[in-house]
Amino acid sequence: MTLSWNEIKSRALAFARHWADAGSEDAQAKPFLIAFFEVFGITDKRFASFEHAVKKHGGGQGFVDAFWPGILLIEMKSRGKNLDRAYTQAIDYFPGIKERDLPRYVLVCDFARFRLHDLSEGTTIEFALADFHKNVRLFGFIAGYQTQVIKPQDPINIHAAERMGRLHDQMKAVGYVGRPLEIYLVRLLFCLFAEDTGICEKRQFQDYLEQRTFDDGSDLADRLATLFHVLNTPADKRLSNLDEQLAAFPYINGSLFAESLPPAGFDSAMRESLLDLCGLDWSLISPAIFGSLFQSIMDDKARRNLGAHYTSEENIQKLIKPLFLDALRAEFEKIRKNRNKLFEFHKKLRGLTFFDPACGCGNFLAITYRELRLLELDVLRAANVDGQQMLDIHQLVAVDVDQFYGIEIEEFPAQIAQVALWLVDHQMNLKVSEEFGAYFVRIPLKHAASIVHGNALRIDWNDVLPAERCAYVLGNPPFVGAKFMNDAQREDTRAVFSGIDNAGLLDLVAAWYVKAARYMAAHPAIRTAFVSTNSITQGEQVGALWGWLLAQGVKIHFAHRTFSWSNEARGKAAVHCVIVGFGLDDVAEKTIFEYEDIRGEAHAVKAANINPYLVNAPDVVLLRRSQPICEVPEIGIGNKPIDGGNYLFTPDEKDAFIALEPAAAAFFRRWIGADEFINAYERWCLWLGDCPPEKLRAMPEAMKRVQAVKALRMASKSPPTQKLAETPTRFHVEFMPDAPFMVIPEVSSERRAYIPMGYVAPPTLASNKLRLLPNATLFHFGVLMSVMHMAWTRYTTGRLKSDFQYSISIVYNNFPWPEPTEKQRAAIEAAAQGVLDARTAHPGASLADLYDPLTMPPDLVKAHHALDKAVDAASGYKGAATDAARMAFLFGRYQQLTSLLPVTAEKARRGRKTQ
């Protein structure tokens, strides 16, 4: 039975007085140490051995005064002796100790002074024997009160997963596979946590394995099967003659050990792998993070990139803090000195429910539960501010795992999610125990999270948690782009997206937004927040998704603009994400979290309204338009061959081809796409569309290329492409202006302050990776190269990874152009020419060189600033020099301009498809 801190302090004081009064002749190590352990209620010799024999560094044999494998090594010296030498002697014993048994703590003592070394934290604390009772909490790890600082990014999380992966592979290799293996490992996971988090005695599981199983592992499976049965059996239902060591294990309940599994089989290597797992300090491991790592060991491909498949705690906090935690914390601070209000607030915490409809291994739920328990602990601490001992902490801790609900499509992570919440519960119970000096544990398990194994897009969420009982919906639905969904996922979304126009554009994550909006309709007080790929707030998806959501009354309460969703593990995966918090009711205070660097920290900006582009502006949804909303040149895409590369050549390939086919030289034209344009390298196109048939037939090498293109097109599954096989010398899309034309790269790096645009002259052919403006003047070039247009682009265009993917129908055709005076137009044209002149001053530099933020020449920077100033003046813009401020202005202009468009023309434009 774990003693209370008050009892331990009383014993520590008596111990110190007794040994301070004892003469040096009575100062014997073994009696001293036996009495030391008795201070903490430890009398069972299986915990620590005295005068423990061990091989020393260099090969000699020594005797450790006291050794608790994996926990504590104690070296005693006579009064007044050097404690530094005692510590050195203690460390010299380490080479003779198995790695898994190496202690975390080393205590050296001379009967008058204690010096405790924490090898994990690298700390050392020394105090006098007389002050033992004042420092007794340092030894909470002996008493069963130790709480750890959980570090989600700690390498131990990865280390533990790798060791678990080794055992998984060994069991799988002998034929123990599938669901039984998954459940078996989950049970072992619980046992490992249990002995390091106060559910079981310290090392109880490890000692059972080491002392009661053969080295060859032949009886390990039977011993574990017996243990699992015991853990699932109440104490009063167990055999009266049950082995004493087994009987000491607690009754767990919770159905975790209820299912009967096929017999497993172990050998010596597998036994060692399990014991190595026991050697880790599982109290240091984050259940929320380890769960996802644990899942990844089941997938060989995921295992190779272990650590790339979990959500960092830092990123989880970005969602839960603005969704509910910040508000709850603020409310607590206001009422913390009012006991009556604290009581009501505590009841409120117990009544909150949290629902993750894509919960995976439960990382969002686990971190949320931990934060709620920490807040509850602050409430209990505030209510007990006078320091009086709470009589029954079991009655006062109210927040529990049964407030948490989830849906997970795979069974194994669903099991992990439920166990992860139990493990967090036990870690938090340790904190409560330490805080109030009374051992607190919820064993046997009486409550459990409701984690449903099912398809969240198929089942009714009300069957998991009725909407009227739900407070918050949260999570991280799967990141699968619209073009990358498999057939099952497309079928799942079909019913969800019923009634939504252009739903085929939507990524998989959008289905959770739609389901959430329908779920909230029955209880508008629900608040929801999801992590999502940033594509749902950019480009064409905005119109399809948010047009429908806004029509349902959805309002955005907070948002993290694009940031890099990553973790600190090796092989880390980074996705460009947003977080959107929303509901059906409006809130007075809205916040946008902006990132100057997507890999950096956010700064919060208050907003009057947050629109679907995550801008402080009216709720505007840009439509796909086939024509610009202003009187400017129409824009098109360049040439699209669909030739399998048969008509495209590097300079060397072109020269080699001409050497074989000299007559073909007249039909080569310079070919330029976005990459060639920005990086200034050569490619060539064999353009045979205008080649007379008699000349073409006279060029056998060219005819081979034509035949290859014809065969390629005929083999296509696309009927339009098959049709193109009838004219194999022509392109699918042909756009060949006969005068110089302006080009905009379809894709450009987000690192650049400006998308590099410019002019190209015939006979050069532009590929479909460029957008073409045949009649663009210096005025058009100047406005499109301005920071005003760049802000519009950054916020409204789609992305290829993080790079800008310039859209004609969304970005260009919806851009609200300035309406300048003649003088303002002339100023823009002059500034635009200044930009071109500044480029010309660097003849050896590519556009990539000129627009790299680290190498952009000062004269070009100055020319752009002058152009930005001219465009701002023509636009009538006098706001802050930020993208967010410019977007608020531009959306206002957009609303003004589109309200003047004829309704019939507007409808007609919506129906046309452009890129």
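1. Buried residues make up 55% of the 915 residues in this predicted protein model. Buried means under 20% relative accessible area, exposed over 50%, and partly exposed in between, with a 1.4 Å probe and protein chains only. The model is predicted, so to read it: local features need pLDDT of at least 70, side-chain atom pairs count only at pLDDT 80 or more, and totals for chains, interfaces and linings use all residues. Residues are numbered from 1 along each chain as its sequence is written, and side-chain values use heavy atoms, with hydrogens and water left out.

2. The C-alpha trace spans about 110 × 70 × 55 Å along its principal axes. The secondary structure comes to 33 helices and 26 strands. These are DSSP runs, numbered from the N terminus: helices are H or I of at least four residues, strands E of at least two.

3. Contact means heavy atoms within 4.5 Å. Among contacts between residues at least 6 apart in sequence, 73% join residues at least 24 apart.

4. Helix α8 covers residues 220–231. Its 12 residues should span 16 Å at 1.5 Å a residue, and its end C-alpha atoms are 16 Å apart, which agrees. The expected span is 1.5 Å times one less than the number of residues. Buried residues of α8 include Leu220, Leu224, Leu227 and Leu231. An α-helix has 3.6 residues a turn, so residues three or four places apart point the same way. The buried residues of α8 pack against α6 (178–194), α7 (204–212), α9 (244–247) and α10 (268–278).

5. An open sheet of 4 strands has the order β16-β24-β20-β22, with antiparallel pairing. Its edge strands, β16 (636–637) and β22 (758–760), each pair on one side only. Two strands pair if DSSP finds at least two bridges between them. Strands β20 (residues 741–745) and β24 (residues 770–773) run antiparallel and are joined by 4 bridges. Methionine 742 stands opposite leucine 773 in β24.

6. Check the loop between β22 and β23 (765–766), the place of proline 763. The peptide bond from proline 762 to proline 763 is cis, with omega near 10°.

7. Two residues other than glycine have a positive phi: isoleucine 642, at about 50°, and alanine 680, near 60°. Isoleucine 642 lies in the loop between β16 and β17 (648–649). It counts as partly exposed, at 26% relative accessibility. Alanine 680 is in the loop between α22 (674–679) and β19 (684–686). Alanine 680 is exposed, with a relative accessible area of 53%.
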